[in-house]
Amino acid sequence: MDDSTLAQQQQKLKYYQKGTFTVGNRLVSDAERSVQASAERSNALTSGHRACQGCGEALGARYAIDAAMRATGNDLIAVNATGCLEVFTTPYPETSWQLPWLHSLFGNAAAVATGVAAAQRVKGKATRVIAQGGDGGTTDIGFQCLSGMFERNDDVLYICYDNEGYMNTGVQRSSATPPAARTATTPALGPEPGNVFGTGKFVPKIAVAHGIPYVATATVADLRDLEAKVIKAMGIRGARYIQINVPCPLGWGAPSYDTIKLARLAVECGLYPIFEAEHGRITQSRKIRRRIPVRDYLILQKRYAHLFRNGVDDPRVARLQAICDAHIEDYGLLGDDEA
Amino acid sequence: MLKQVEGSHAVAEAIALCRPEVICAYPITPQTHIVEGVGELVKSGALQNCEFINVESEFAALSVAIGASAAGARAYTATASQGLLFMAEAVYNAAGLGLPIVMTLGNRAIGAPINIWNDHSDAMSMRDAGWMQLFAENNQEAVDLHIIAFRLAEELSMPVMVCVDGFILTHAFERVDIPEQAQVDAFLPPYDPVQVLDPDNPASIGAMVGPEAFTEVRFLAHYKQRQALRLIPALSDDFAKIFGRASGGLLRAYRTEDAETIVVAMGSVVGTIKDVVDELRDEGQKIGVVTLVSYRPFPVEALRDILKTAKHVVVIEKSVSVGLGGPLADNTDGALRNLDNRPLLHSAIAGLGGRPITRASLKRLFHDAVHAPWEGPFFLDLNERVVGREIHRVRKVRRSGATAENILRQLALASHLPQE
Ligand SMILES: Cc1ncc(C[n+]2csc(CCOP(=O)(O)OP(=O)(O)O)c2C)c(N)n1
Ligand code: SF4
Ligand SMILES: [Mg+2]
């Protein structure tokens, strides 16, 4: 089965496994197994790096880059913005990267990738290019370069690992930090503790507005969906954007064993919509399988602890629930059986 | 081929002859005609095998060049003034990564107050970034220095900034000898990178370096620029053999052999200074001028050798390190530091924001250097009346307003009043 039919299959099939919701590779044929399940996977981000235990970003990057390596026959170059991913993978003189990798600055990964892609074209090479960075490097300081890369439709897949804050510098607020979340610069103090409601932006939607060939959101809770989206993106030319929700145990104040669970709950409560868009139109969204109140997601994380003091829910929980409800409606996140 | 062309156009043609593979730039006066020129050559097909990328900022322009260069392509960009500052972080990064990018700087003042005219503030702001910085005296040299720059950059794996005075050179129509493609090809071999992003040989570039190695990395950058002190004259000799004319080098001395007063300057102002030197020589004064072509690396020894027998050294420069004085004067002072009988150094700041540097003012300046020497930096042709009034007014009035606007108002008033 080639990669595009594999992707199609994965859109069609629904895998169920009791308990964890992870797809058991044992249940499917060899050809349908995930890239990560294969002994042949490139291990592009190999072991030995310095990420915290349970780091969603490390996990997401490994899934994504291995899938892209598979899709391109290992003919791939990665450009990395400054941030946790860059720092924990390349403490000089060591590196975890098994593919050509370049780190220039915090805010220019998209433009550097444009340059790398231009060099491939002029040299007549088929090598493909990925740029990657955290939410800060993408939605804030790198946003101008990102928008420029989109607008020119440069042949780059940009992957944003969204852990909802500046983690590398000690967990400060970014424009991807959710309302009410406590960070070092939005402390849980005063009459409006945590991040302020009505601020922030959701860059996937802005990417869609650029009309680029492909935009998707994904989560480390759904490995197959993530791999399929990366593989699909590598089958397309032009500017592409994938934003992956990657829980950060340190920044979110959660146990490292809850990374996958939190990623799953963020989707199941509707706070993190998972969808795909092509050429400016949303083409499909991933349906919520078992809807949960946002409270169940928030209460597991210390960054929201101020919402649950003294056994009483802060009214902000209801405001966050309203955001989830709006996402569910806007992105059509409920399947027919759930609606 | 001899042509009567605009400086920018001549530079564009020189760039094309160097067979760049990726060009990216963002418009800013007075650099625009250069990138428009190269853009035209790419679009028309005259320059083949080259990607011309219109980016959204100077920061992106240099970042694209960084990516292209790291991927093994010969990369070029151009900017000026605010644009150079906007890309500042990438300027340091390109040097730190050792990427042989060539950039033209159409020298222009930096705001506020915003000013599009020529001075060297922009180049000076990046003098410590790790780029080599070469200054052109005229448009022929602007053309030649770009060709030399690519070779220099690629031999040392270090970026080069070619500084061309905004308007005075970029917009001047002069006779320029545009080299033949075969000559440039003979001088400049294809780019063979020392490190490259290559899936067959994957390497990580741009790793995090801590205190255990950072000093060594910095030392080696400095060491490379010291090597350039030997390489730049050698390339200039090579250039002369192939192109049949002398160009580049670290510095050039003009009538300095027996000179008691030696002027030090960079860029297009040297043309005017040479005229003044000739005039004063005719009057019997022993005066000469040194043109610094290479500001980084700074040719300490070569400069000292020329200046050491002089009695007076006059440094004229188009920039000011606010709170200190002239950076070029300061560097020149450093070159003279350990001489036994060191000449007296006189620092003059001139031509800021495009103010013309006239022969009359220079003559007065050189006379005063010997007969009425001043302390510290001297601002040539400073309108002392206007400055005095403004200082007085600011002392009297708390809400005194913005300096630039106040001075313009004063000048406008003064033009309607009888002069004292
Ligand atoms: C121009 C610049 N400003 C600030 C920094 C400091 N800085 C480095 S990484 C970082 C935060 C990264 O956050 P994000 O992009 O979300 O990645 P994360 O570490 O969360 O994965 C900051 C603020 C920098 N390196 N460069
Ligand atoms: S701080 Fe967060 S993002 Fe950074 S390495 Fe640790 S878990 Fe990963
Ligand atoms: Mg982050």
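This is a predicted model: local features need pLDDT of at least 70, side-chain atom pairs count only at pLDDT 80 or more; totals for chains, interfaces and linings use all residues.
## The shell around ligand 2

Ligand 2 is surrounded by A:A51, A:C52, A:C55, A:C84, A:F88, A:N163, A:C248, A:P249 and A:L250, where a residue is near a molecule if one of its heavy atoms lies within 4 Å of it. By residue type, this shell divides into eight nonpolar, one polar and no charged. Here Ala, Val, Leu, Ile, Met, Phe, Trp, Tyr, Cys and Pro count as nonpolar, Asp, Glu, Lys and Arg as charged, and the others, Gly among them, as polar.

Two helices of chain A, α3 (84-89) and α9 (249-252), each supply at least two residues of the shell. Helices (H or I, at least four residues) and strands (E, at least two) are DSSP runs, numbered from the N terminus.

Residues are numbered from 1 along each chain as its sequence is written, chains are lettered from A and ligands numbered from 1 in the order in which they are written, and side-chain values use heavy atoms, with hydrogens and water left out.

Distant parts of the chain are linked here: A:D135 sits in helix α5 (residues 135-140) of chain A, and A:G165 in the loop between β4 (157-162) and α7 (203-209), 30 residues apart. A:D135 is buried, at 0% relative accessibility, and A:G165 is buried too, at 4%. Buried means under 20% relative accessible area, exposed over 50%, partly exposed in between (1.4 Å probe, protein chains only).

## Aromatic pairs and charges over rings

Over all chains, the structure holds 15 aromatic pairs. Rings of Phe, Tyr and Trp (its six-membered ring) pair if their centres lie within 6.5 Å; planes under 30 degrees apart count as stacked, over 60 as edge-to-face and the rest as tilted. A:F202 and A:F275 have ring centres 6.4 Å apart and planes at 55°, so this pair is tilted. A:F202 lies in the loop between β4 and α7 and A:F275 in strand β7 (residues 275-278), so the pair ties together parts of chain A that are 73 residues apart in sequence. A:F202 is partly exposed at 24%, whereas A:F275 is buried at 0%. With A:Y272 and A:Y331, these two form one aromatic cluster.

In chain B, B:F239 and B:F243 are stacked, 4.1 Å centre to centre with 15° between the planes. Both lie in helix α9 (residues 214-243) of chain B, four residues apart, about one turn of the helix. Charges meet rings as well: A:R303 lies over the face of A:W252, 3.9 Å from the ring centre, and the charged end of B:R296 sits over the ring of B:Y295, 4.4 Å from its centre. The criterion is NZ of Lys or CZ of Arg within 6 Å of the ring centre and within 35 degrees of the ring normal.

## Chain B overall

Chain B has 15 helices and 16 strands, and buried residues make up 55% of its 420 residues.
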